[in-house]
Amino acid sequence: MQFLLAMRRRGIHDLRVLRALELVPRDRFVEREHAEHAYADQALPIDCGQTISQPYVVAAMTEALQIEPSHKVLEIGTGSGYQAAILAHLAAQVVTVERYRTLAEEAERRLRDLDLDNVTVVVADGTLGAPEHAPFDRIVVTAAAAEVPPALFGQLAPGGILVAPVGPASGVQSLYRYRKREEGAPPERDELLSVRFVPLVPGKAAAL
Ligand code: SAH
């Protein structure tokens, strides 16, 4: 498939990640009017003024997480549910948090239709994480902030990995991977690539 070849060419080599990309039909996660571009390597608009991330960025974030089959993974920013669906094929359990109820409900329906029943969609302010489901082996933040919300490090298991875009809300951010050491020690951090995410907005969305 052309799409997988494009991902491999861009440097995604983890076979489990490529397999997950193969198993998730991205066309189900985009609006009907954008379906013809579902397998192009580009972000696309979704409801509530948000975006489904570019597939290469989803793949690179997923690869950087080094997920093992026993893991419990937290995603902040459900959006379309596409990243959550990829995670669902790699981890034992996925919790994904979205501040717009509309997006959360649409994502939940798509995930159910694909029989991905190891995903829990939570409508809440993701800057606070999902304390009722913590701790997590892996955390991925799919919206940009000037710094990673401290609550998320608190909910990461020792040895756990967190991947997040850090930088200005409108503009280019750096994708960082953090590895938590023992409780209290500052995490190790490495910079992965430049990205452009929609902003992480504190609080639950009021109307939608
Ligand atoms: N991972 C998504 C794309 C995410 S776009 C996908 O695969 O389609 C970023 C999402 O983060 C948006 O849906 C936005 O509403 C959500 N978001 C922004 N701030 C948030 C917050 N504080 N808590 C939860 N979700 C948030």
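Q: Thanks! Which backbone oxygen does the side chain of Asn 118 reach at 3.0 Å?
A: The side chain of Asn 118 comes to 3.0 Å from the backbone oxygen of Ala 88. Keep in mind that this is a predicted model.

Q: And what does that side chain reach at 3.3 Å?
A: That would be the backbone oxygen of Ala 91.

Q: Where is Asn 118 found?
A: Asn 118 is in the loop that runs from helix H5 (101-113) to strand E5 (119-123).

Q: Is Asn 118 buried or exposed?
A: Buried: its relative accessibility is 19%, and the cut-off for buried is under 20%.

Q: What does Asn 118 touch, leaving out residues up to four places away in sequence?
A: Its contacts are Ala 88, Ala 91, Ala 92, Gln 93 and Val 94.

Q: Let's stay around there. How do E4 and E5 run, parallel or antiparallel?
A: Strand E4 (residues 93-98) and E5 run parallel, joined by five bridges. In that pairing, Thr 96 stands opposite Val 121 of E5.

Q: What does the chain pass through from E4 to E5?
A: The chain goes through H5 on the way, and this β-α-β crossover is right-handed.

Q: New topic: the whole chain. How many helices and strands are there?
A: The protein chain has six helices and nine strands.

Q: How much of the chain is made up of buried residues?
A: Buried residues account for 52% of the 208 residues.

Q: And what share of the contacts join residues at least 24 apart?
A: That share is 54%, taken among contacts between residues at least 6 apart in sequence.

Q: OK, helices now. Which residues of H1 are buried?
A: In helix H1 (residues 2-9), the buried ones are Phe 3, Leu 4 and Met 7. Looking down the axis of H1, these buried residues fall within an arc of 95°, so they line one face of the helix.

Q: Why do residues three or four places apart point the same way?
A: An α-helix has 3.6 residues a turn, so residues with that spacing point the same way.

Q: What is on the other side of H1?
A: Gln 2 and Arg 9 are there, and they are exposed.

Q: What do the buried residues of H1 pack against?
A: They pack against H2, helix H3 (55-65) and helix H4 (82-90). Just after H1 comes Gly 11, with a positive phi of about 115°.

Q: You mentioned H3. How many of its residues are buried?
A: 10 of the 11 are, so H3 is largely enclosed by the rest of the structure. Among them are Tyr 56, Val 57, Ala 59, Met 61 and Leu 65. Gln 66 follows H3 and has a positive phi, near 50°.

Q: What is the relative accessibility of Ala 59?
A: Ala 59 has 0%, so it counts as buried. Not counting residues up to four places away in sequence, Ala 59 touches Met 7, Ile 12, Val 17 and Leu 21.

Q: How about strand E7, how many of its residues are buried?
A: Nine of the 11 residues in E7 (residues 156-166) are buried, so this strand is also largely enclosed by the rest of the structure.

Q: Which sense of pairing does E7 have with E6, parallel or antiparallel?
A: Strand E6 (residues 136-141) and E7 pair in the parallel sense, over four bridges. Ile 139 stands opposite Leu 162 of E7 there.

Q: And how do E7 and E8 run?
A: E7 and strand E8 (residues 173-179) run antiparallel and are joined by six bridges. Pro 165 stands opposite Leu 175 of E8. The two strands form a hairpin with six residues between them, and Gly 167 in the turn has a positive phi of about 155°.

Conventions
Residues are numbered from 1 along each chain as its sequence is written. This is a predicted model: local features need pLDDT of at least 70, side-chain atom pairs count only at pLDDT 80 or more; totals for chains, interfaces and linings use all residues. Side-chain values use heavy atoms; hydrogens and water are left out. Buried means under 20% relative accessible area, exposed over 50%, partly exposed in between (1.4 Å probe, protein chains only). A polar contact is a pair of N or O atoms within 3.5 Å; within protein, one must be able to donate a hydrogen and the other to accept it, and residues adjacent in sequence count only if both atoms are side-chain atoms. Contact means heavy atoms within 4.5 Å. The arc is that of the directions from the helix axis to the C-beta atoms. Two strands pair if DSSP finds at least two bridges between them. A crossover is right-handed if, with the strands pointing away from the viewer, the path from the first strand over the helix to the second runs clockwise.
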